[in-house]
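Subject: Structure for your review: aromatic contacts

Dear colleague,

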Amino acid sequence: MCEENFWDCTPRGAKRYRQSLYLHLVFSMASEGVTNLGIDKFFEKNSELHSGWLRSLHSIAERSFEEQETSNFIYSILKEQCPSLKVTRGLNDELPTAVLAVHTPRDPTLSPILLRADMDGLPIRGTDGTPSPLHPDVHHACGHDGHVTCLLTCAHWIHNFRDLTHRKVVLFFQPAEERGVAAIGGSGARIAVERGELLDTLHSDVEAVYALHSWPGLEVGHFGVGAGPMMGSSSKFVIEFAGHGGHAAMTSEEGGDALLAACTMVTCAQAVIARGTDAFIPAAVAFTSVENVDSHALGAIPSQVRVCGTFRTLDTQTKESILKQLRRHAAGAATMHGCQGNVLFTDGYPVTRNSSDGALVAQFAALRAVGGDESKVHSVGVEEGMLKPILCSEDFSILLKKRAGAYVWLGNGSGGPRLHESSYRFDERAVPFGGKLFVHLATSPATVGKNPNRAEFGIA
Ligand SMILES: [Zn+2]
């Protein structure tokens, strides 16, 4: 036991703790009438309706910042099916398609939370057999149509069982997750957080934030969640080499071949991961483009060549180390070939890091969503037997930097296409699991604690 004789840190102690808290939760929730059975029945009864919402959202996929039809659809469902929730459109002038639905209980005995669903598609022509008649070149290749559906089903449940939801719940339908924080216009989460309306003024009382993402490779009906990093930070770099250029057949002992410098950079910088970072710490460096800036003549050496790429890490120290090494390799490649080298760097999304208490609360909600079957709720972490964090990035990380909370992976089946593939599609069978996860987060008496290493399981 390592903290007030409360939290036994050994695996056996942690399991015992989880089991006793789970039983505690089951009995306390049952006494309030919020039984798994009741929730299961609601989702069973409404499954066709909810699947229809998913199909409709899939057919109107829209790009980041252009989610007008999607916003209309969300708003109309909330108005028709969830009239007890306060529904508003547009968070500010930069996010006019955002939709917020707020449940305010008569007896707010539990701390307020925010549940988020991202709503944008990708500029990819879908090959899943159901092209969008409105926007054939846009496709929900990341399953955001499913995330929206899951959150709508949660709103639907909250409205129907509003007397059983004893906390303020903010349901945030967020535009523009796919855009990337460094892109013009930024990302939906960045704008929502930096402009301040979401968590500083309108809903400053929110204590924890939660979101889910459909996850290929994990069976439908399974979840993945852990404390600490779930997804990597993303950083982009552009390295420009400037040389002399000139006739391809002419040589010079001073060098000045920018293309040669660029190619040296791409090859030698592979050592950054192979030899320059801790083998036990996940990180990736990828060059994604080599571009002749000023010449496309086959008989001429370009005087300016640009190489671009991205790198991903799970911690700031590794990120800074990689940047330092890329600068060193660029300077070396430039010197070797008699050129000038210049590194431009832009920061993307930060690491998506679950707080310890938020992860624990989410773990319990997931456990309840699968009827208490522990084999279906997988821990995410670096230890053996756990699902491993991945180096893709996600703008929910920006909300998790403001508040405690958790980002949860929702199984979408294994063996199929991966995220961002043109044939990827959110599996309809996953809708009730995602919806139930949100419902259990909304109704759970568990809250994030003052000590970020544990959740508090007070009973309302
Ligand atoms: Zn996504």
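The structure, which is a predicted model, holds eight aromatic pairs. One of them joins phenylalanine 42 and phenylalanine 161: the ring centres are 5.8 Å apart and the planes stand at 80°, so the pair counts as edge-to-face. Phenylalanine 42 belongs to helix α2 (residues 36-45), whereas phenylalanine 161 is in the loop between α5 (144-160) and β4 (167-174); the pair therefore ties together parts that are 119 residues apart in sequence.

Phenylalanine 42 has a relative accessible area of 6% and is buried, while phenylalanine 161, at 29%, is partly exposed.

Phenylalanine 161 forms an aromatic pair with tryptophan 157 as well, and this one is stacked, with 4.8 Å from centre to centre and 20° between the planes. Tryptophan 157 is buried, its relative accessible area being 2%. Together with Phe43, the residues Phe42, Trp157 and Phe161 make up one aromatic cluster.

There are also contacts between charges and rings to report. The charged end of arginine 89 is placed over the ring of tyrosine 75, at 5.1 Å from the ring centre. In another such contact, lysine 436 lies over the face of phenylalanine 433, 5.6 Å from the centre of the ring.

With kind regards

Methods. Residues are numbered from 1 along each chain as its sequence is written. This is a predicted model: local features need pLDDT of at least 70, side-chain atom pairs count only at pLDDT 80 or more; totals for chains, interfaces and linings use all residues. Side-chain values use heavy atoms; hydrogens and water are left out. Rings of Phe, Tyr and Trp (its six-membered ring) pair if their centres lie within 6.5 Å; planes under 30 degrees apart count as stacked, over 60 as edge-to-face and the rest as tilted. Helices (H or I, at least four residues) and strands (E, at least two) are DSSP runs, numbered from the N terminus. Buried means under 20% relative accessible area, exposed over 50%, partly exposed in between (1.4 Å probe, protein chains only). A charge sits over a ring if NZ of Lys or CZ of Arg is within 6 Å of the ring centre and within 35 degrees of the ring normal.
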